[in-house]
Amino acid sequence: MIEVNNLSFARGNILIYKDINFKISPGELLLVSGANGVGKTTLLSNIVNFTEPLEGNITYHGTSIDNHIASECFLYIGENNFAYDTLTLNQNIDYWLSVHNVNFDKFIKNKSVNFLFQELNLDKKFYQLSFGQKKKLQLLLLMLVNKPVWILDDPYSGLDTRSIMKINTLLKKKIENKGIIIVTSHQKINLRNYKTLQLI
Amino acid sequence: MIKNFLKLIANEFKLMLKGSVFSFVLFCLLIIACSIFSLSLRSESMGMNAPLSFLYIMIFFISLFKVEKIYSLDFDEAKLQQYILSPFSLEIIVFVKNMMIYLNLIIFFVIFSPLILIILNIDLSYLIQINILLSLSLLSIIFIASMTASITISKNNKLSLTSILTLPLFVPILIFSMAITDVIDFNTNKMYLFFVAYFLLNLAFSPLLTSFALKKLSV
């Protein structure tokens, strides 16, 4: 369970948000929504321990989240792409899986790649891909890196309807497997039950 | 874990090879600079001191450029976030990247060194000594430059002049490198030892400080 108590965050002298409270149990999804600039991405950064809050605390199963817990349990997919332009799609997949210490079966890897990319040539350089295709590489990690908590910052941006449906399938399966998901998005998620947090 | 670490090293090596074009350009510029230096002082009898000092200063700047370039590309916010969440600590990733930058530069130097020595009118019999001493000093230069780069590329650093704080750390390397010209004919063992010791000292704190700066200032 992730528990956030009285969380406040300030950047310089500007208070971004104050007294945020919520709990998410395994098998639940939290959608964080709100206008641009209200601190959705910052809230995720706080949860993953990239930045320290001004006040309040965040715990995962009762323990304060530190770098060790974050690296063991959290998979974070941010807004910006992390892939290397000079590497091919295939090389990028191999690189980031080794960074995340994932031993993958070639069959599972190919199946996951086909699920998201279909007939795309994996030997294409990363810079040759479209924005949506680049985004899919990030989301491919969701299928190949096994961590109990997914923190996703606007995962739908730049994706077509078909890809959005695939992402929703992944989210649904993760919830069924008792994973925890925190998503920021400007659009509603096409799933039955999920919690929402509106930042003002 | 070890298997994936080796895979990570192999992948970093691939990345390093992709970035070799920039190193090649830098070394071509070095050769042009050495040629100009040599031609402009052709009427002077300089011995080995001046050309070697010039070479060291140029190598120092090449290393700074290379490290800065790699760090600005490889540690942008999105990549850094993934590295922080990696089961491998950021210090290890910094260490691997530094070693790859080192390998990249030293391979180019070894290839280009005979030509550089000829251009600078240095006796080729010193080739091996110069290569060994430069290999050892370059290790420390890269690790110190990584600290400088981690501060200068940071987006949250309001005072980019902070990176100047690391510059005094280069001074012992440059002083000892210049001193090579005096002792190269004699017993150079002490020089080797100094560079090894200085590298070990850097190895102890440089990855820690670099990753600390990256975490605190760039995410």
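At what angle do the axes of helix H3 and helix H5 of chain A cross, and within what distance do they come? Keep in mind that you're looking at a predicted model.

**Stop 1: two helices in chain A.** Select residues 89-99 of chain A for H3 and residues 131-144 of chain A for H5. Their axes cross at roughly 50° and come within 11 Å. By class that's eight nonpolar residues, one polar and no charged.

**Stop 2: the largest nonpolar core.** Next, go to the core of 101 residues and select Ile151(A), Ile181(A) and Ile142(B), the members that touch the most others in it. Colour helix H6 of chain B, residues 127-152, too: with 14 residues, H6(B) gives this core its largest share. Then centre on Ile181(A). Leaving out residues up to four places away in sequence, Ile181(A) touches Leu29(A), Trp150(A), Leu152(A), Leu171(A), Lys174(A) and Ile175(A).

**Stop 3: where the chains meet.** Finally, bring up both chains. The contact draws 21 residues from chain A and 21 residues from chain B. On the chain B side, select helix H1 (2-18) and helix H4 (77-84), which each supply at least two residues. H1(B) has the largest share of that side, eight residues. Colour the chain B side by class and you'll get ten nonpolar, five polar and six charged residues.

Key:
Residues numbered from 1 in each chain as written. Chains lettered and ligands numbered in written order. Predicted model: local features only at pLDDT ≥ 70, side-chain atom pairs only at ≥ 80, totals over all residues. Core = buried A, V, L, I, M, F, W, Y, C linked by C-beta atoms within 7 Å. Buried ≥ 20, exposed ≤ 12 C-beta atoms within 10 Å, placed from the backbone. Helix = DSSP H or I, 4+ residues; strand = E, 2+ residues; numbered from the N terminus. Contact = placed C-beta atoms within 7 Å. Nonpolar A, V, L, I, M, F, W, Y, C, P; charged D, E, K, R; others polar. Axes fitted to C-alpha atoms, helices over the stretch in contact; angles between N-to-C directions.
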